[in-house]
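Here is a friendly walk through the fold, with strands, helices and the core taken in turn. Keep the viewer open as you read, and colour by chain if you can.

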Amino acid sequence: MSFQTDPHTSPGDFFELLEKSGYRWHARIDSSQAPSGITVTQGTTVLAFHFKDGVIVAGDRRATAGNSIMYERCDKVIPIDDYTLMAIAGVPATAFEMARVLTHNFEYYRRSQMQTMSVEGKIRALSKLLKENVGMAVQGLGAVSPIFATYDLKCKKAAIHFYDMLGADFRISTHTATGSGSPTIRGILEHEDLWGDKPLVERSESDAVTLAIRLLQTAAQFDSATGKARPEDEIFPTVALVTEAGYQFLNDKDLAKLCKSSLKRGH
Amino acid sequence: MFEEPYRWMEAVSTRHSYVQEKLKMGQPVLSVPFNEGVLIMGFAPQPGKIFEVYDRIALGGVGHPADVERLRMTLLDMAHLEGFNRSAQDVTLARLLQFGIAPALKQNFEEIQRAPYIIRLLLAELDGDGHPHFFRVNYDGHWETFKNGTVIAGNEKVMEEVQKKIQDTPFATFPLNKALKETCRLWDESRKQEEDDENIPKTLKEAFDQWYLEAAVLSGKVERRAIYRALTKEEIGKLKSSVG
């Protein structure tokens, strides 16, 4: 008697397990046509750049549908595992679902295979989901353009990857931004990196956080779909760091102080 | 052949004897509370006794490695699907056992044409309120729950002796180091009650040198979602020098 591994199965693949249990990611694509005039809720400005200790990821909190502001407390930077964050721009429903699948995928892999998934494997996993989502994206119902930030414990290096809607991934060595407010701040990021006091990668955590808060406020100034910080209502941008110690979100108390100091004129 | 009830009962009884005989050499796995969470530990000639199942759930197994692996994967699949479809808060050990593997194990054991699982499982959970839960699952699907920790071993007599000692020890008040030392001491005592076997280490020091100590904690102090943490080589090295 001989045993053969089924070549059609991939050990530790949660997405495959989900499909076996009846979950269908693309069933929605095959049967749906986007009716004209439909407005879907969309996310707006997120950014990431390398700093001295790792990577900073930040995003505004506004979700819009057409001209309407739907929500001012949307979290667009989502933890995937202890060392990985995903920042989303696009349709939150699809993006949140992707994040949920990825979270379970990485944890399921780590627990079942008793080893952490490689950074390359994690990057590929998101690429695969985006590819599965092409139908929804082209119909205008589920386009997502994420930023993926992770820390590679083997190489002792943080990595940022930017994806297009079809699933192609691009490794970013300095900075990236996505969403409707991103064109405003991409130029500033480039300028800061080339001609600022220091290149972004050499900046301290506090300098990096200050810059991120200012960039999001600037984006909000020019893009109606990006929400400003509103300290009086305790609405602050989401700011998180990915370092050798894992991810860490700044809490509201710290953000209140940082917003106050960062947004003061003339500094 | 099995149309008569007596023959079916006889066959089931024979299966009990067969599985118990096969399990006999299984080395104990202990799980106890400590002041910050739950500790699970065991020595074995090969690693592969203690596992993470879900965010707040750990598993220990004795028996045939392939059977332990199969049930581990079943638990993993169930827990992750439930966590994805509902919420991580809905993934509880009681549900996984009562509605998941216990009925399946019982059915498998009583279908006498099928090979029985040669296993005994220990499952530990630290719930969202910080309360520990301990479960012991037998190869026939029978499961029990314990408040102050539990143990599984191949030899039932050894298992019951160690269980009594666990019940009498205030583990929940111990810091991790003390809980580790005390569980090592209980493991050492359990070894002395077993029949002489030249393959089993004679002292704790020999166990540390020749076998693997696997130990993990579910820590209530961790702010992450997943609270399982395997003890590091350094922590085990320190323990070895203090008890070995």
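Let us start with a sheet in chain B. Its five strands form an open sheet in the order β8-β1-β2-β9-β10, with antiparallel pairing. At the edges stand β8 (150–152) and β10 (228–230) of chain B, and since each has a single partner strand, one side of each is left without a neighbour in the sheet. On average, neighbouring strands here are turned by 20° against each other, direction ignored. Please bear in mind throughout that this is a predicted model.

Inside that sheet, strand β2 (residues 37–44) of chain B pairs with strand β9 (residues 212–219) of chain B in the antiparallel sense, over eight bridges.

**A second sheet in chain B**

Chain B also holds an open sheet of five strands in the order β3-β4-β5-β6-β7, again described by antiparallel pairing. Here β3 (50–54) and β7 (143–146) of chain B are the edge strands; each has a single partner strand, so one side of each lacks a neighbour in the sheet. Neighbouring strands of this sheet are turned by 25° against each other on average, direction ignored.

With β3(B) it forms a hairpin that has two residues between the strands.

| Strand pair | Sense | Bridges |
|---|---|---|
| β2(B) and β9(B) | antiparallel | eight bridges |
| β3(B) and β4(B) | antiparallel | four bridges |
| β4(B) and β5(B) | antiparallel | seven bridges |

Towards β5(B), A58(B) is the bridge partner of A124(B).

How many of the residues of β4(B) are buried? Seven of its seven residues are buried. In a regular strand the side chains alternate between the two faces of the sheet. For β4(B), one side carries I57(B), L59(B), G61(B) and G63(B), the other carries A58(B), G60(B) and V62(B), and both faces are covered.

**The nonpolar core**

A58(B) turns up again in the core. The largest nonpolar core has 143 residues, and those that touch the most other members are I56(A), V57(A), L85(A), A212(A) and A58(B). The element that gives the most to this core is α7(A), with nine residues.

V57(A) shows what such a position looks like. Leaving aside neighbours within four places in sequence, V57(A) is in contact with A48(A), V77(A), L85(A), A87(A), I147(A), A149(A), A240(A) and V242(A).

**Chain A and its helices**

Chain A has eight helices and 12 strands. Of its 267 residues, 46% count as buried. Among contacts in chain A with a separation of 6 or more, 68% come from residues 24 or more positions apart.

Helix α7 (residues 205–222) of chain A packs on helix α8 (residues 252–262) of chain A at an angle of about 75°, with the axes 10 Å apart. That angle makes α7(A) roughly perpendicular to α8(A). On the α7(A) side the contact uses V209(A), T210(A), I213(A) and R214(A), and these meet L258(A), C259(A) and S262(A) in α8(A). By class, the residues of this contact are four nonpolar, two polar and one charged.

**Where the chains meet**

The contact between the chains takes 11 residues from chain A and 10 residues from chain B. On the side of chain A that touches chain B, α1 (14–20) and α3 (92–113) are the elements that give two or more residues. The most comes from α3(A), with six residues. This side of chain A has four nonpolar, three polar and four charged residues.

**Two loop residues to check**

Which value does phi take in M114(A)? Phi of M114(A) is near 55°, a positive value in a residue other than glycine. M114(A) is found in the loop between α3 and α4 (119–132) of chain A, and with 13 C-beta neighbours inside 10 Å it counts as partly exposed.

E234(A) also has a positive phi, of about 55°, although it is not a glycine. E234(A) lies in the loop between α7 and β11 (238–243) of chain A. With 11 C-beta neighbours inside 10 Å, E234(A) counts as exposed.

Conventions: Residues numbered from 1 in each chain as written. Chains lettered and ligands numbered in written order. Predicted model: local features only at pLDDT ≥ 70, side-chain atom pairs only at ≥ 80, totals over all residues. Pairing = 2+ DSSP bridges. Axes fitted to C-alpha atoms, helices over the stretch in contact; angles between N-to-C directions. Contact = placed C-beta atoms within 7 Å. Nonpolar A, V, L, I, M, F, W, Y, C, P; charged D, E, K, R; others polar. Parallel < 35°, antiparallel > 145°, perpendicular 65-115°, else oblique. Core = buried A, V, L, I, M, F, W, Y, C linked by C-beta atoms within 7 Å. Buried ≥ 20, exposed ≤ 12 C-beta atoms within 10 Å, placed from the backbone.
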